[in-house]
Amino acid sequence: MIDLTLALVAVALPQSSVDPGMIQRALPVKNAGTYHVATGTITRPGLAARALEPDVIYANTAETRYFSPLTGTTYDEGRIPGTSNAGEFTPGTNRDDYVISGFRFSYCDLDITPMLAGFEFQFYSSYAPCTPPAGSADATIQILGLPSGGCWTFDVDLSGGSEFLLVADGGDAAPGFNDDLDLDSFGWSWRNLNDTSLAAGLIISGDPQSTDPGYVNASAGIGSPATPASAGTGTYYGPDSLCPPGSTGLGTQDFFYVEGGSGVDGCLFFGGYEGAACGEPEPVIGGIPRIFGSFSMEISSTPSFGEDIGTNFCGANANSTGLPGTLSAGGSATIGNDDVTLTAACLPTEQFGIFIHSFDVPNAGFPSGDGLLCLDPLGSFGIGRFDGAGQVKNSGLDGRVDFSTSMGEWSTGGLPTSVGVMAAMAGQTSSFQFWHRDEVDDVQSFNLTEGVAVTWQ
């Protein structure tokens, strides 16, 4: 299946020889659906497959017609939006950290004797491009039992306990924007778990400078000096590319790092810069097609529903996912705006629950079921339940519930208490929790998230 003899070229770290067969032509890429890490199951397209969250923070997805069956661990890099680099991303609600709820990757496994494919992915908030990682990974995700004998795209659903935090601008090692890729980059890696197969690997992504006509690169004659350089293309944070689904490659170098491979360890590139993407003919220089040195990856975060207006209190007990349920409040604390979204996450999947509310001062937590009741049932207003029509929620396959005034699900003018429905008043504080069913060792019980308090304006 080897279509090219284009060799990997080592940079930064010298190499005496490189396997010349590390680029292969891909077959047409098929959408394989969603892989749910919590259960190890695959939801096929058209069968209620869960799409990635709409808050895509990195998208290097303008795929070429090639893939690379590398052995060992391959490290790539990029940039994500942060509050201190907001000028690089337009528009968007930039944050300093993101709860990563899913990602998308594309791969080929063209083994003559097909076997189930598998990959390991790792993610790093702080990563200096084209080096071995300086610390341990923020997350390690193994994906097993994937189809082979072709090329596929998978959405990876991390809900139910595999979510992780990715910090913007290079993580805690270098807080803030430094305009230095060594300090500001995040990193990610992939490894073929069937390491004996030299016919499986991730698809190579196209050069974002080739696929985004608004990108200024005078030396390559691409773009227009009158058009500002665009970043975040194809994501929530930037303009759409003329090449769907688009690509950012923001902060992605034209090289990558391989560790533990067969004769190709070190900082490498594919011998070229321009990429073949979006059906365009491959740029040929000196008779050799040029391939961008990056790999297919799209990363999505749980959506940010405006400004965080809540204060958390009373930490929750772990539920059956092994994690405590979280609760956040986003939007506006101004009563007249009636724009608040409560988000409960890290929940057991496919379980029913309701939000509860109180105007009283919260308590330190009474044991209740397998959790802690953080609202005070003995206060003047007691505890009210959002249990009306359309207010009983199910956590679904992603272990998450959103409860929004903008969707008409509740209102700041109608908050339940034990003494009746009341309207919020400026200066008053509302406390919320999410009560949900849970099953531990086949025994049905219930648990609660942490609490969140909102002071109305």
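The disulfide between C108 and C151 is right-handed, with 105 degrees about the S-S bond. Its sulfur atoms sit 2.0 Å apart, in what is a predicted model. C108 belongs to strand β8 and C151 to strand β11 (residues 150-157), so this link ties together parts that are 43 residues apart in sequence.

**Disulfides**
- The structure has three disulfides, and C108 and C151, one of these pairs, are both buried.
- Another one joins C130 to C267, with an S to S distance of 1.7 Å; this link is right-handed, at 110 degrees about the S-S bond.
- C130 is in the loop between β9 (117-124) and β10 (139-146), while C267 is in strand β16 (residues 266-269), so the bond ties together parts 137 residues apart in sequence.
- C130 and C267 are both buried.
- C314 pairs with C374, S to S 2.0 Å, and the torsion here is about -70 degrees, so this disulfide is left-handed.
- That pair links distant parts of the chain, 60 residues apart: C314 is in the loop between β21 (311-313) and β22 (326-331), and C374 in the loop between β26 (371-373) and β27 (384-385).
- C314 and C374 are both buried too.

**Y107, in strand β8**
- Y107 lies in strand β8 and is buried, at 0% relative accessible area.
- A polar atom of the Y107 side chain is 2.5 Å from the backbone oxygen of P147.
- Beyond residues up to four places away in sequence, Y107 touches a list of residues including F119, L146, P147, C151, W152 and L202.
- Y107 and A26 are 81 residues apart in sequence, yet their C-alpha atoms are 8.8 Å apart in space.

**Nonpolar cores**
- The largest nonpolar core has 42 residues, and F103, F105 and F121 touch the most other members.
- Strand β8 (residues 97-109) supplies the largest share of this core, with five residues.
- Apart from it lies another core of 22 residues, among them A329, L347, F432 and V454.
- Back in the largest core, F121 has contacts that include F103, F105, I141, W188, W190 and M297, leaving out residues up to four places away in sequence.

**T449**
- T449 sits in the loop between β33 (443-448) and β34 (451-455), and at 0% relative accessibility T449 counts as buried.
- Setting aside neighbours within four places in sequence, T449 is in contact with A316, G325, T326, L327, A344, L347, Q433 and F434.

Terms used. Residues are numbered from 1 along each chain as its sequence is written. This is a predicted model: local features need pLDDT of at least 70, side-chain atom pairs count only at pLDDT 80 or more; totals for chains, interfaces and linings use all residues. Side-chain values use heavy atoms; hydrogens and water are left out. Helices (H or I, at least four residues) and strands (E, at least two) are DSSP runs, numbered from the N terminus. Buried means under 20% relative accessible area, exposed over 50%, partly exposed in between (1.4 Å probe, protein chains only). Contact means heavy atoms within 4.5 Å. A nonpolar core is a set of buried Ala, Val, Leu, Ile, Met, Phe, Trp, Tyr and Cys residues joined through side-chain atoms within 4.5 Å. A polar contact is a pair of N or O atoms within 3.5 Å; within protein, one must be able to donate a hydrogen and the other to accept it, and residues adjacent in sequence count only if both atoms are side-chain atoms. A disulfide is a pair of cysteine sulfur atoms within 2.5 Å.
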